[in-house]
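Visitor: Please give me a close look at a single part of this model, namely the interface.

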Amino acid sequence: MLIDTKAYILRSLLDDLLFYVLFFSINRQGTVRKRVIFILFFLPITFLVELYSDISDVIPILSGYYILKVKKEKDYLLLNDLLFCTFIIFCVTTLSSTIMVQILPHNRIVGLTGIFIQLFVEIIVISVIIFFYKKNKFHTVAEKYGSATIACLLIYLLLVISLISYAAHYYNAYDHFVFGIMIFLIIQTVFVVFLFLKILTRQKAKYKAQIEKQELENLKKYTESLEKQQQQLSKFRHDYKNLLLSFKEIAKSDYSVVLTEQIEMLESYSDKYLDKGEFDYKALYNIHNDFIKSLLIAKLHQAKKLDVICHFECQKPLYDVMIPIFDCVRILGILLDNAIEAASECDNRSLNLMVYQDDSQIEFIIKNTYKKLNISIERLQKRGISTKKNHSGLGLDTIQEFNQKYPNIFIQYQQEDGFFSAQLILLK
Amino acid sequence: MAYPIILCEDQIIQLNQLEAIVQTYILFHTDLFKVEIKTQSPIEVIDYLEKCNPKQGTYFLDIDLASSIDGIDLAEQIRATDVQAKIIFVTTHDEMMPLTLRRRVEALGFVTKDQPLDDYRAEIVELLTLAQQRIDATRECQECDFKFSIGSQMFSIDKQDIYLIEPSSLPHRVLLNTKNGHYEFYGNLRDLEEKYPYLFRINRNCLVNLKNMTEINFKSREIKFDSELSRQFARGKSNKIKNLLKQ
């Protein structure tokens, strides 16, 4: 198929113009002035270069990118749009050429009419693309996922197809080859889309993990500030109550009935507001080890759910323990689970926890009420022995194993006045 | 000689109230106690400790003392000079740390201030009675406790509660079984046998307190302490055990 030179030049010019039409209809970046400069200068330049060389496609991409983007910033969205438009124009010209080759008789010079038919096809296809692009709000999608990876994929796609078409032109086999290029284009596009989707899911997962981490971080900060407020509040509560007590005593010793009554009214009124909250363990503030802290929070909550009244003391800040932390958490977990289970079975449900530290040791005391049972502590330590049927045992044998493993652990059990207490001592 | 009572509370009104309750108790119940010092400042208590070196005192302390040292620090200093001190904390409910204070300074008891006056008084009286009982008990029997320590903590177990002692599976440690506890600490049977003559060695690996056994079978050579706990004794020990049980 041969093309009339004038017609060929006209087609090239209009193809270039179509690029700008497509680009400006999907991208609204840059000031009007910049956009006018872009089209006025680079349309002719592209057109001129195209007549003598095959690398003309690069010009609108680079120039558009550097003119329209904000200075000193990377703008992948803009780059992606430019690449995308180039790609679409390429596809459209290839498509229209394929159609022309099929419908026009061979060995005839294609004149202006032929070119106009081809351009007509191109314009229709591009209009359809623009229509769907706008209708499906493809722009927001592009904005959301515009990244370096997508730009790389598009560049790769463009490079490959330009190379193929260059080769086809070089061997003067374009007309025979145009169908092959079509198929190759489709395969490449499918491949790139597939890659794109893969990357997208990975990106999404990464994004989600990042958000979750951030959320956790925020929660931690929030907890810290709550703890601080809690401490201040409890200090205030203490001072306030002390003051009230003193007032009451003065009023009583002066035999001032009215004043006493009024103070008592104030007392009962403020008691309502200074009442301890649902989850008030200011001692948790002193636990600086995240693993132990979250274990304690979880277990205190669990106990609360089972209506066990909890009391927790920790006077000195706890940072680290002398055995590997996971083993420590496991031992404490077993002891706390036992304590909560035992306490929840009896009428007087109570659980007391204490963390004690001095120069030579750290101690955890877990003290709970329990229903009287007739199994000695010695037997409870054996594997699989439990206070109940169908129960896997108290895990005291596991604790015994840890006791063997670390020479600085001592574990004591005691029963007294309806309380069972387990004491874990870690020597420094 | 009367045993000293020491009161330390930063709020003068509450201090006076506390003193009134204690004085009334002494007036009607016992002349064994005497209020030696009442003060708002812990420093004064420390001066008193240095000057008079009191023994077996009973101390009522508030925790928040509006001073550089709080009631807990003060209690530790008291414990250091007066080993058998009976320490009672008087404080608001919020500050209460019973387990920590028992462990750190072996506090005898706790009274919460923010409760009706009658209950408050009743609790103080109860603790004073307890303090008196404890003081009497230590006078009678200084040496009958079984003592051992782990790190910084001293354990003191009543002789009457002890069942048996045997070696632990860990080297240099022994296991102690008592009526209501199970302990492990560093030690060996030979030293313990020497130190506590009331413990009898029934075999190479077991010291028992024969007073607490519930059942003995000379045929199977089994000695029982409660429904779960039993040990075999050595063949040669039968006669000796029989003799000891006759005593």
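**The interface and its chains**

Guide: Domain 1 of chain B covers 3-140 and domain 2 covers 145-246, with bounds that come from an automatic or database domain assignment. The centres of these two domains, taken over C-alpha atoms, lie 38 Å apart. This is a predicted model, in which local features need pLDDT of at least 70, side-chain atom pairs count only at pLDDT 80 or more, and totals for chains, interfaces and linings use all residues; side-chain values use heavy atoms, without hydrogens and water. Residues are numbered from 1 along each chain as its sequence is written, while chains are lettered from A and ligands numbered from 1 in the order in which they are written.

The contact (heavy atoms within 4.5 Å) involves 48 residues of chain A and 41 residues of chain B. The size of an interface is often given as the accessible area lost when the parts come together. Here chain A and chain B bury about 3900 Å², of which 49% is on carbon and sulfur atoms; this buried area is found with a 1.4 Å probe and summed over both parts.

Across the interface of chain A and chain B there are 3 salt bridges, each a side-chain nitrogen of Lys or Arg within 4 Å of a carboxyl oxygen of Asp or Glu. One of them joins D114(B) to K241(A), at 3.4 Å from N to O.

As to confidence, chain A has an average pLDDT (the predictor's confidence in each residue, from 0 to 100) of 81, and 89% of its residues score at least 70. Where pLDDT is low, the predicted coordinates should not be read in detail.

Definitions and conventions
Buried area = accessible area lost by both parts, 1.4 Å probe.
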